[in-house]
Amino acid sequence: MFYAQLLVNGIVQGLVIGLAALSITLVFGIARFPNAATGDFMTFGAFSALTAHQATGSILFGGLGAIVATGLVSLLAYWAVFRRLADRSVVALLVASIGIGFLLRAVLGVVFGHGQQVFQVPLTRPYVFNGIRVMPLDLQLAAVAALALALVFSLLYLTPIGRQMRAVADNRDLARVSGIRPGRVMVALWLVAGGVAGVAGMMLGIKTIVTPEFGWEMLLPAFTAAILGGIGSPVGAVAAGLILGVAQELSTPFVGFTYKIALAFIIMLAVLLLRPRGLFGQLEGAR
Amino acid sequence: MEAYLVAIGIIALIYVILSLGLTLQYGLTGLINFGHVGFFAIGAYTSALLAFQGVPLVLCFAAAAVLAGIAAWPIGLVSLRLRDDYFAIVTLGFSEVVRIVITSEKWLTSGVQGLPGVPRLYEELGGFTAQLAVFATILAVTLLGIWMIRRIAGSPFGRLIEAIRDNEEAVQALGKDPARFKIQVLVVGAAFAGIAGAFYAHYITYIVPDQFIPLVTFYVWMAIIMGGVGRVSGAVVGSAILMLFLEGSRFLRDVLPGVSEVDMASVRIGAVGFLLILFIMYRPQGLMGDYTKR
């Protein structure tokens, strides 16, 4: 029963990781570099949601605020920096993404201070199913995540721009000779990647305490989930995020709270060594 | 005032040693090591813990270098199979795990409370003389390090690792095994970081896990990117600029009213981010880099 409870707790955590991993995997698949600013995009989303929530008192508007604001910041990062480095080595993009992350963290630190901020959400009584407690808030968060995922997946699989994004991820040159304009795809990519990270940040913020550093600490689990799911596979990222979230919760009684992140690292190494294409990835040459 | 200048000099030289390690790894070989601070931390804690056991400081320093190098070995083995960008993520993760282990294993490291009272070098000399002696020692070690990197860069080994950086497939086609050389480079670079860590621990005399955050790694990256990637002079110049920047931001806080230490920390992180972006975009070869190449 105890483990069933941990499993339920792990699912919301897993959705957060899964959304962050989705952002990473989309960028990795289409723009071809690991975006180390994803964690700070999450932080930005959490603070945007916090501001919108304080102004309107509604979680829904908080979420919308997070999506719009983080999507725009992400687009700005692309427009100002990543776009100009597109033909350079992956190191340049990687270092630049670290720089953008630092810059965002600094801005948030100066504007919001380094105190711990919390979402003022009403305390509610948990529902009890067969002795397993489920918080209504967790259900709401799961619903928000499901909605965000439904939106992203319908964008990816039901719209022309989504098909173009997948085509560029699949084979950039072939996409280009087929008349797909990379500029539009990139704009869509960065809006989606930012928005998704923003939602993940808001969810994490509601579950924990918001500080300017808290998103950065999610980067390692998120990268792990992206790699475990197979780079470039949106379904894989979400599934791997859920697996990782649950695994982290289940491992807590054995290894303690602080080693959760270390667990993510071990899983990442194991996947890279044993099955570098992850659970759902396509073969992509040497890693 | 002299004491202050010497103190800055010591810290700057610690950064030079760190930069030399990264110059070998990234500048010459092209290994994107985002976990430099992990090896720095291993060196610092190894040396401090041994010193508490009464081990002579010379041996502590040697152990710091050896242990940091050994810690790099498995990372190197993993790196055989990884592309550059994955290697960056793995090393970044490694340094975070090192910090988590240091924070959690309280029986060894006393966790977040840290280790106060790490023995100083040349304690018996006392005061300013001791500080000068520390400075002379670290200067000698740095010069030795510079000489080593220069020797490595000029040797057949150096030409080979530069070839790996420029075109790994070509090196493979010539019948060399790049992975072996990458591991060696990683281990030696990590040993540099370990030595730097030992100097840091015995100079600051108080180490806590929070001193070993990834920001330190990117200070070093900033130093070598600003100075000029792949050049020993770049590592030195970059570290000097880094030191000016770090100390300057401290003075700025004393001068500007109403700016708290945490705000200044934010500004410092922001400036690091901004400089990294600017240099990567507009001057990737750094200040001391080759001006003929773009």
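## Two helices side by side in chain B

Helix α2 (residues 36–52) of chain B packs against helix α4 (residues 84–104) of chain B at an angle of about 30°, and their axes are 8 Å apart. Here axes are lines fitted to C-alpha atoms, for helices over the stretch in contact, and angles run from 0 to 180 degrees between N-to-C directions. α2(B) and α4(B) are therefore roughly parallel to each other; angles under 35 degrees count as roughly parallel, over 145 as roughly antiparallel, 65 to 115 as roughly perpendicular and the rest as oblique.

Where do they meet? Val37(B), Gly38(B), Ala41(B), Ile42(B) and Tyr45(B) of α2(B) face Phe94(B), Ser95(B), Val98(B), Arg99(B) and Ile102(B) of α4(B). Two residues are in contact if their C-beta atoms, placed from the backbone, lie within 7 Å. The residues of this contact divide into seven nonpolar, two polar and one charged. Ala, Val, Leu, Ile, Met, Phe, Trp, Tyr, Cys and Pro count as nonpolar, Asp, Glu, Lys and Arg as charged, and the others, Gly among them, as polar.

## How to read this model

This is a predicted model, in which local features need pLDDT of at least 70, side-chain atom pairs count only at pLDDT 80 or more, and totals for chains, interfaces and linings use all residues. Residues are numbered from 1 along each chain as its sequence is written, while chains are lettered from A and ligands numbered from 1 in the order in which they are written.

## Chain B as a whole

Chain B has twelve helices and two strands, which are DSSP runs numbered from the N terminus (helices: H or I, at least four residues; strands: E, at least two). Along the sequence they follow the pattern α-α-α-α-α-β-α-α-α-α-β-α-α-α.

A compact globule of 294 residues would have a radius of gyration near 19 Å, and chain B agrees, with 19 Å. That radius is taken over C-alpha atoms, and the globule rule is 2.2 Å times the number of residues to the power 0.38. Of the 294 residues in chain B, 48% are buried. A residue is buried if 20 or more other C-beta atoms lie within 10 Å of its own, exposed if 12 or fewer, and partly exposed in between, with C-beta atoms placed from the backbone. Among contacts in chain B between residues at least 6 apart in sequence, 77% join residues at least 24 apart.

## Where the chains touch

The contact between the chains takes 37 residues from chain A and 33 residues from chain B. On the chain A side, α4 (90–112), α9 (219–229) and α11 (260–274) each supply at least two residues. α4(A) gives the most, with 17 residues. The chain A side divides into 28 nonpolar, six polar and three charged residues.

## Inside chain A

Which residues of helix α6 (residues 160–170) of chain A are buried? They are Gln164(A), Met165(A), Val168(A) and Ala169(A). They cover an arc of only 140° around the axis, which puts them on the same side of α6(A); the arc is that of the directions from the helix axis to the C-beta atoms. Their cover includes α1 (2–30), α5 (136–158), α7 (172–177) and α8 (182–207) of chain A.

Most residues other than glycine have a negative phi. Arg32(A), although not a glycine, has a positive phi of about 70°, and Tyr122(B), also not a glycine, has a positive phi of about 55°. Arg32(A) is found in the loop between α1 and α2 (38–56) of chain A, and Tyr122(B) in the loop between β1 (115–116) and α6 (127–154) of chain B.
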